[in-house]
Amino acid sequence: MEKRDYKNMWVYIEHDGKKAEPVGLELCCEIRKVCDITGDKLYAVIIGDLAESEQTLVKNCGVDGIIYVSGTGYEYYNTDAYSNAFTVLSKKYNPSAIFVGATVNGRDFAPRTAVQLDTGCTSDAMQIEYDPKTGDLEFIEPAVGGKIMAVITFPKLRPQIGTHRPGTFKYAPVGAKENIEIIKEQIDFPVENIRCRHLSFAEYEFDPELEIADCDVIIGVGNGLSDEEQLPRYRELAKLLGGKIGCTRPLFDRDILPYKLQIGQSGVIIKPKLYISFGISGAVNHVAGITADTFIAVNNDPEAQIFNYCDYGIVGDMDEVCDRMIAEIKAKQ
Ligand SMILES: Cc1cc2nc3c(=O)[nH]c(=O)nc-3n(C[C@H](O)[C@H](O)[C@H](O)COP(=O)(O)OP(=O)(O)OC[C@H]3O[C@@H](n4cnc5c(N)ncnc54)[C@H](O)[C@@H]3O)c2cc1C
């Protein structure tokens with residue numbers, strides 16, 4: 001088959017039966033815009049039963065159709081049945097592209113599906129463009145330690161498969177179409193062929209301090225932090241401003257803060273009203289994860305890259321500046 005014979009784009013809607021993962025809806029909204037340019041149709045793929053109200057959210061993202069998959073093997077997520085479902089569906093319908101949220105499960109089955117279909121899978125692209133000359137999508141993301149923006153394409157293979165981190169794209173539903181095509185597929189995967197066994201289910205222990213994706217004020221702490229003892233002042237500043245702290249990768253590598261607080265390309269994507277960075281150099285891998293209404297950067301190096309991204313830059317010692325901010329806020333209380 002020629003690549004022009006592959007048509008339409010799919011977004012996988014991951015869910016637990018009650019709720020759809022937001023990343024699937026975010027992807028639907030973004031790919032709707034791409035399909036409007038390419039002329040492809042946008043299909044959501046839902047495996048297993050999903051609550052009606054959540055299906056309405058999917059429809060509101062402007063999908064042209066929904067492919068519902070039922071059958072054996074989907075009671076709990078597993079690589080074998082889910083990658084098989086996408087492989088079987090793709091061989092039947094030949095989509096041009098498949099987009100999957102970069103959740104633990106999505107990152108697991110999407111590359112496997114790609115292997116089964118003899119195509120490729122890109123991960124963590126932060127922008128998707130269309131090249132009308134080649135008919136290829138361009139998956140754009142920071143690479144080589146953030147020194148370049150890499151443009152990844154599938155010049156020969158189809159479908160073009162990408163996994164994308166939650167929060168990369170905006171959830172901006174355009175409203176439901178009048179006639180949404182409904183496709184129902186029964187794909188049974190023999191349960192005895194599933195190579196992993198579901199032993200138990202442990203509820204995720206929710207710690208609100210570690211949930212920063214939707215936080216309005218974030219204090220970002222970077223490798224300029226001399227040691228862990230200096231951290232409480234940044235927590236105090238965050239608290240005074242009604243926010244939370246986040247960090248760069250080196251702080252996670254140094255075991256000072258948990259991975260869930262790492263902001264950036266391979267961490268959490270944030271969209272706060274206010275972001276204040278302390279002792280952060282401004283690597284693309286970090287700043288690619290930030291869209292802030294107001295961005296203030298503090299660094300003792302006037303040449304630091306971070307000053308190219310911020311609205312206000314303060315050259316100075318991070319601990320001293322933080323203490324002065326705390327004192328100013330307290331004085332005004
Ligand atoms: C594939 C890939 C993915 C990555 N993903 C991420 C990601 O998701 N998130 C992420 O953060 N990184 C990520 N990285 C790492 C990234 O490239 C940078 O190495 C990292 O962001 C640097 O963190 P930093 O700015 O805190 O540290 P550094 O680059 O070490 O910068 C420290 C800064 O602190 C300043 N400083 C030092 N002392 C003081 C002081 N007393 N007062 C004020 N300023 C001071 C210095 O001038 C310097 O600018 C990734 C890298 C790769 C290769």
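A polar contact, as I use the term here, is a pair of N or O atoms within 3.5 Å. With that settled, here are my notes on this predicted model.

**Entry 1**

I began with His286, where an N or O atom of the side chain lies 3.3 Å from an oxygen atom of the ligand. That falls inside the cut-off of 3.5 Å, so I logged the pair as a polar contact. Next I looked up Gln262, and found a polar side-chain atom 2.9 Å from a ligand oxygen atom. Then I turned to a nitrogen atom of the ligand: an N or O atom in the side chain of Ser266 is 2.6 Å away from that nitrogen. How much of the ligand does the protein bury? Taken alone, the ligand exposes 990 Å², and 74% of that is buried by the protein.

**Entry 2: the site around the ligand**

Two elements give two or more residues to the shell, namely helix 6 (249-253) and helix 7 (284-287). I counted 25 residues around the ligand; those that come nearest are Asn223, Thr248, Ser266, Ser281 and Asn285. What is the shell made of, by residue class? My tally gives 17 polar residues, five nonpolar and three charged.

**Entry 3: salt bridges**

I found 17 salt bridges in the model. I picked one of them to follow: Arg32 and Asp64 meet through their side chains, at 2.9 Å from N to O. Where does each partner sit? Arg32 belongs to helix 1 (residues 22-38), while Asp64 lies in the loop between helix 2 (52-59) and strand 3 (65-70). The two are 32 residues apart, and the pair links distant parts of the chain.

**Entry 4: backbone notes**

Between strand 8 (148-152) and strand 9 (160-164) I came to Pro159. A cis peptide bond joins Pro159 to Arg158, with omega about -5°. The loop between helix 3 (79-93) and strand 4 (97-101) holds Asn94. I noted that phi of Asn94 is positive, near 50°, in a residue other than glycine.

Key: Residues are numbered from 1 along each chain as its sequence is written. This is a predicted model: local features need pLDDT of at least 70, side-chain atom pairs count only at pLDDT 80 or more; totals for chains, interfaces and linings use all residues. Side-chain values use heavy atoms; hydrogens and water are left out. A residue is near a molecule or strand if one of its heavy atoms lies within 4 Å of it. A polar contact is a pair of N or O atoms within 3.5 Å; within protein, one must be able to donate a hydrogen and the other to accept it, and residues adjacent in sequence count only if both atoms are side-chain atoms. Accessible areas come from the Shrake-Rupley method with a 1.4 Å probe; for residues, only the protein chains shown count as cover. Helices (H or I, at least four residues) and strands (E, at least two) are DSSP runs, numbered from the N terminus. Ala, Val, Leu, Ile, Met, Phe, Trp, Tyr, Cys and Pro count as nonpolar, Asp, Glu, Lys and Arg as charged, and the others, Gly among them, as polar. A salt bridge is a side-chain nitrogen of Lys or Arg within 4 Å of a carboxyl oxygen of Asp or Glu.
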